[in-house]
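Please read these numbered points alongside the model, taking them in order.

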Amino acid sequence: MTLMSYLGAIGAAQREAMEADPRVVIIGEDVEANVYGTTGAGKSRKDKGDFLELFGANRIRNTPISEEVIVGAAAGAAMTGLRPIVDLSYSSFLYMAMDQFVNQVAKNRYMFGGQASMPVVFRSAMFYGLNTGAHHSDRPYPMFMNVPGLKIVVPSNPYDAKGLLRTAVDSDDPVLTFEACMLWGTKGEVPEEEYRIPFGQARTAREGDDVTVVAISSAVPEALAAAESLAGEGLSVEVIDPRTLVPFDAEAVIRSVQRTGRLVVADPAHRTCSAAAEISAIVAEEAFESLRAPIVRVATPDTQIPFSPALEKQLYPNRDSIAEAIRRVTGTRAGSTSEAARLASPAPHL
C-alpha cells in the first residue's frame, strides 16, 4: 500500500492500463501537456509529458477543442479495435457532444446487433465548490443515468478512483466517470499492485444501526463527518457509498434500510430528477414496509450556481445539512441522547 492522492490514483490506473494493453489510448484537450497531472509520473505537476515520452504520440493524442469531434472519434476508435480513455476536462463540456453520447456511444452496440462493442471511457471533472461559476460547476451525472447503455461511475476516494477506472477500461460498454475536483487532492492508501473494483458493488463506509445515509461523490466525506459528530449524540449512522450509479447496488441499500428503518440520500446534483430521487424511489418501492420515517433527500437546490464563494458553499450537501436531515428522520434534536425519546417521537412530516 502507498499513500496516494485521488488525482495520482487516476494517473496510476491509466499508466497500468496502457502498459498492460497496447490498444489503450488517451485522447483529449491538452493531454500531452499533463495539465492536471493524470498523464505524468503522478508525483508532481513538474512531470510534464511523461506519458507522451513513455507511450508516444500515437497513443497520447491532443485533440481540437471540439467535444463532438472528440467523442465521435473515440466512439469510432472503440468500434474498430482501440480502447480509448477520453479526457473531457470539465463535465459541463459533455453537453456539446450530447448527440454523439446519446445516439452513437450509447446505442451503437444495440443498433449493430452486437457486432461491435464500445470499449471507451469518458473522464470528466465536476468543478463545483471551487467558485468556477454557473458554466463550469455542473454535476450532470443524473441526466446520463437516463440514457440506456451508459455506465456511470462516481468515485469518492483514491482507492476507488483507481480500481473503478481499471474496471472501466476493461469494460466493453461505454463508461462515464464523474470526478469531484474538490476531491482530487485527498489522499488515501492505494495498493501498488493492480486491482479492480466491480461495478454495481457499493461500499459500506461506516456501519450503523439508526439510519442509512447513501452519499454520492463529495457527499461521502461530508456524510462520514456528520456521522462522527452525531455519534456523540447517541446516533448510530450507516454510510453507504454506491461507487457506481449505473449499475446501482440497490440490494446493499435495501438491506441497510431494512435494518435501520430510515434513509437519507446526500447528492451534490440538483434535487429534481437527481440520483437521490431515483434511489429514494427504489427504496420506496422495494422496502416501504421497513421505513419508520419518510425518506429525506439532501441535494443542491434547483438554481444556477453563483460565482460568490459565500453563496456557493451553502448549496451543496455538507456535514451540517446531512446531520440535520439525520436528526429529522430520527426525530431528535441537537444534543439529545435519549434512545427512548428518539424512538417515541413521531416521524416529521417532510
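1. Helix H1 passes helix H7 in a right-handed crossing, that is, with the near helix turned clockwise from the far one by less than a right angle. The model is a predicted one, in which local features need pLDDT of at least 70 and side-chain atom pairs count only at pLDDT 80 or more, whereas totals for chains, interfaces and linings use all residues. Residues are numbered from 1 along each chain as its sequence is written, and side-chain values use heavy atoms, without hydrogens or water.

2. H1 covers residues 6-20 and H7 residues 158-170, and their axes come within 8 Å and cross at roughly 30 degrees (lines fitted to C-alpha atoms over the stretch in contact, with angles from 0 to 180 degrees between N-to-C directions; helices are DSSP runs of H or I with at least four residues, strands runs of E with at least two, numbered from the N terminus). H1 and H7 are therefore roughly parallel to each other, the term for angles under 35 degrees.

3. Which residues of H1 and H7 make the contact? On the H1 side they are Tyr6, Ala9, Ile10, Ala12, Ala13, Gln14, Glu16, Ala17 and Ala20, and on the H7 side Pro158, Ala161, Lys162, Leu165, Arg166 and Val169, contact meaning heavy atoms within 4.5 Å. By class, this contact of H1 with H7 has 11 nonpolar, 1 polar and 3 charged residues (Ala, Val, Leu, Ile, Met, Phe, Trp, Tyr, Cys and Pro are nonpolar, Asp, Glu, Lys and Arg charged, and the others, Gly among them, polar).

4. The crossing of H3 past H4 is right-handed.

5. From H3, the residues Glu68, Val71, Gly72 and Ala75 take part in the contact, and they meet Gln100, Phe101 and Val105 of H4. The residues of this contact of H3 with H4 comprise 4 nonpolar, 2 polar and 1 charged.

6. Two loops deserve a careful look at the backbone. Val246 and Pro247 are joined by a cis peptide bond, with omega at about -5 degrees, and Pro247 sits in the loop between strand S12 (244-246) and helix H9 (250-260).

7. Ser217, although not a glycine, has a positive phi of about 55 degrees. Where is Ser217 found? Its place is the loop between strand S10 (211-215) and helix H8 (219-231).

Conventions: Parallel < 35°, antiparallel > 145°, perpendicular 65-115°, else oblique.
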